[in-house]
Amino acid sequence: IRAGLVAPSEAGGRYDLGPFALELGVAAMRRIDVMEIAQPAMDDLRNLLSHTVSLALWANHGPTIMRIAETPDIMSLTVRFGTVMPLLTSSFGRIFSAYLDRRITQTMIQTELADPKGVAAQAGLKSFTDVEAMLARFRARRMSVAENLSTPGRAALAAPIFDHNNRIVAAVAVVGVQGRIELDADSRPARELAATARKLSQRLGAALDQIA
């Protein structure tokens with residue numbers, strides 16, 4: 001108690017983590033590099049599914065691919081390091097849009113909606129009402145889907161990775177050739193991707209039961 005590692009519980013008779021223990025935990029979580037802990041998990045997922053797996057972080061210009069675990073399959077589509085993905089027509093952009101504060105994404109979404117002949121319009125997204133309906137579906141599933149949109153012939157699933165503040169800090173995606181990767185919610189790629197994202201979030205201290 002004197003060291004701050006434990007503190008009496010308000011319920012009485014029991015003890016909880018003290019302020020010093022909590023500070024140590026938060027400091028340890030901040031030292032965890034999501035890109036470093038993600039790479040082995042991405043490699044395992046790639047080997048399990050035989051599809052390319054990539055990781056994106058949010059940067060100034062949008063979701064940016066920062067880690068890649070490619071499959072040697074000749075039919076695999078190359079994912080380039082440093083590529084910035086669109087918000088409304090990529091799996092990465094859609095999952096970040098679903099969970100980021102709208103003040104961060106508002107202008108970018110408006111720009112993509114403004115082009116009446118753009119890819120977003122071709123995907124049936126013509127207003128913020130359309131966007132909100134789509135993002136609500138992805139939040140409910142905790143996974144986004146994009147097929148034959150920002151990159152013709154490509155299909156992908158993306159899942160969010162949360163930190164100890166329950167904020168999205170990264171996203172991991174399984175990428176494949178359209179028609180050669182299953183996209184249904186109960187498909188093996190979706191189940192394994194969800195499990196990987198959940199494990200990485202837990203490593204970062206996220207309380208997944210508190211995330212809508």
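1. How many of the 212 residues of the chain count as buried? The share is 43%, where buried means under 20% relative accessible area, exposed means over 50%, and partly exposed lies in between (1.4 Å probe, protein chains only). The model is a predicted one, in which local features need pLDDT of at least 70 and side-chain atom pairs count only at pLDDT 80 or more, while totals for chains, interfaces and linings use all residues. Residues are numbered from 1 along each chain as its sequence is written, and side-chain values use heavy atoms, with hydrogens and water left out.

2. On the overall arrangement, the chain has seven helices and seven strands. Both kinds of element are DSSP runs numbered from the N terminus (helices: H or I, at least four residues; strands: E, at least two). Along the sequence their order is β-β-α-α-β-β-α-α-α-α-β-β-β-α. Among contacts in the chain with a separation of 6 or more, 55% come from residues 24 or more positions apart; contact means heavy atoms within 4.5 Å.

3. Helix α3, residues 91–99, is mostly covered, with nine of its nine residues buried. These are S91, F92, G93, R94, I95, F96, S97, A98 and Y99.

4. Helix α3 also packs against α6: their axes come within 9 Å and cross at roughly 90°. The two helices are therefore roughly perpendicular to each other. In this scheme, angles under 35 degrees count as roughly parallel, over 145 as roughly antiparallel, 65 to 115 as roughly perpendicular and the rest as oblique. The axes are lines fitted to C-alpha atoms, for helices over the stretch in contact, and angles run from 0 to 180 degrees between N-to-C directions. From α3 the contact draws on R94, S97, A98 and Y99, and from α6 on M134, L135, F138 and R139. By class, this contact has five nonpolar, one polar and two charged residues. Here Ala, Val, Leu, Ile, Met, Phe, Trp, Tyr, Cys and Pro count as nonpolar, Asp, Glu, Lys and Arg as charged, and the others, Gly among them, as polar.

5. Helix α6 (residues 128–141) packs with α4 (residues 102–114) as well, at an angle of about 125° and with the axes 11 Å apart. That angle makes α4 oblique to α6. On the α4 side, R102, Q106, I109, Q110 and L113 take part, and they meet F128, V131, E132 and L135 of α6. Five nonpolar, two polar and two charged residues make up the contact of α4 with α6.

6. Where is L183 found? Its place is the loop between β7 (168–177) and α7. L183 is buried, with a relative accessible area of 13%. Leaving aside residues up to four places away in sequence, L183 touches R141, V145, E147, A155, A156 and L157. Of these, A155 is 28 residues from L183 in sequence and 8.1 Å from it in space, C-alpha to C-alpha.

7. T52 is placed in strand β3 (residues 52–59). Is T52 buried or exposed? T52 is buried, with a relative accessible area of 0%. A polar atom of the T52 side chain lies 3.5 Å from the backbone nitrogen of T71.

8. D209 belongs to the segment after α7 (188–203). D209 is exposed, and its relative accessible area is 72%. Between D209 and N166 there are 43 residues of separation in sequence and 9.8 Å in space, C-alpha to C-alpha.

How values were computed:
A polar contact is a pair of N or O atoms within 3.5 Å; within protein, one must be able to donate a hydrogen and the other to accept it, and residues adjacent in sequence count only if both atoms are side-chain atoms.
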